[in-house]
Amino acid sequence: QVLLEESGGGLVQAGESLRLSCSASGSIFTINAMGWHRQAAGKQRELVAVQTRGGSTTYADSVKGRFTISRDAAKNTVFLQMNSLKPEDTAVYYCNADIERYWNSGGMNYWGKGTLVTVSS
């Protein structure tokens, strides 16, 4: 069993910052990638940022230059530093990870329950 737990969401004003954290626990052999998606009310879930085990990162165009993803591989934890927040960043942010539970088992996709970020104007 694998569990992803997010923390760090909250209510901020436009222009302020938040830092999200997500820790993976359970039966984990290796984590191939960890990242964040978000879903605003009435919209589809979208990729925000992801980082692979090798360190490659991908960002949504809408957050480039404002958000930074980082990982603490030893603690199976991923962070999302969000600066210059805008009202349109308001959404539930979900942690996502591609995890191999055993050697050569292949990666499986896991999701956290989400943390709400609200940015007021």
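Which residues is R66 in contact with, leaving aside its neighbours within four places in sequence? I start my notes there.

**Entry 1: ground rules**

I am reading a predicted model, where local features need pLDDT of at least 70, side-chain atom pairs count only at pLDDT 80 or more, and totals for chains, interfaces and linings use all residues. Residues are numbered from 1 along each chain as its sequence is written, and side-chain values use heavy atoms, with hydrogens and water left out.

**Entry 2: R66**

I listed the contacts of R66 (heavy atoms within 4.5 Å). Beyond its neighbours within four places in sequence, R66 is in contact with Q81, M82, N83, S84, L85, K86 and D89. I found R66 in the loop between β6 (57–59) and β7 (67–72). Strands here are DSSP runs of E, at least two residues, numbered from the N terminus. Is R66 buried or exposed? R66 is buried, at a relative accessible area of 10%. Buried means under 20% relative accessible area, exposed over 50%, and partly exposed in between, with a 1.4 Å probe and protein chains only. I also checked the side chain of R66: one of its polar atoms lies 3.0 Å from the backbone oxygen of S84.

**Entry 3: the open sheet**

I traced an open sheet of four strands next. Its order is β1-β3-β8-β7, and the pairing is antiparallel. Two strands pair if DSSP finds at least two bridges between them. From one strand to the next, the twist averages 15 degrees. The axes behind that angle are lines fitted to C-alpha atoms, and angles run from 0 to 180 degrees between N-to-C directions.

I then looked at single pairs. Strands β3 (residues 18–26) and β8 (residues 77–82) run antiparallel and are joined by six bridges. Across from L18 stands M82 in β8. C22 has V78 in β8 as its bridge partner. Six bridges also join β1 to β3, again antiparallel. L4 stands opposite A24 in β3.

**Entry 4: T115**

I placed T115 in strand β11 (residues 115–120). T115 counts as buried, at 13% relative accessibility. Setting aside neighbours within four places in sequence, T115 is in contact with E6, G8, G9, L20, A91, V92 and Y93. A polar atom of the T115 side chain lies 3.3 Å from the backbone nitrogen of G9. T115 and S21 are 94 residues apart along the chain, and their C-alpha atoms are separated by 9.8 Å.

**Entry 5: T30**

I found T30 in strand β4 (residues 30–39). T30 is buried, with a relative accessible area of 14%. Not counting residues up to four places away in sequence, T30 touches R53, D98, I99 and E100. The side chains of T30 and R53 make a polar contact (2.9 Å). A polar contact is a pair of N or O atoms within 3.5 Å; within protein, one must be able to donate a hydrogen and the other to accept it, and residues adjacent in sequence count only if both atoms are side-chain atoms.

**Entry 6: charges over rings**

Which ring does the charged end of R19 sit over? The ring is that of F79, and its centre is 4.0 Å away. The charged end of R45 sits over the ring of W111, 4.7 Å from its centre. The test is NZ of Lys or CZ of Arg within 6 Å of the ring centre and within 35 degrees of the ring normal.
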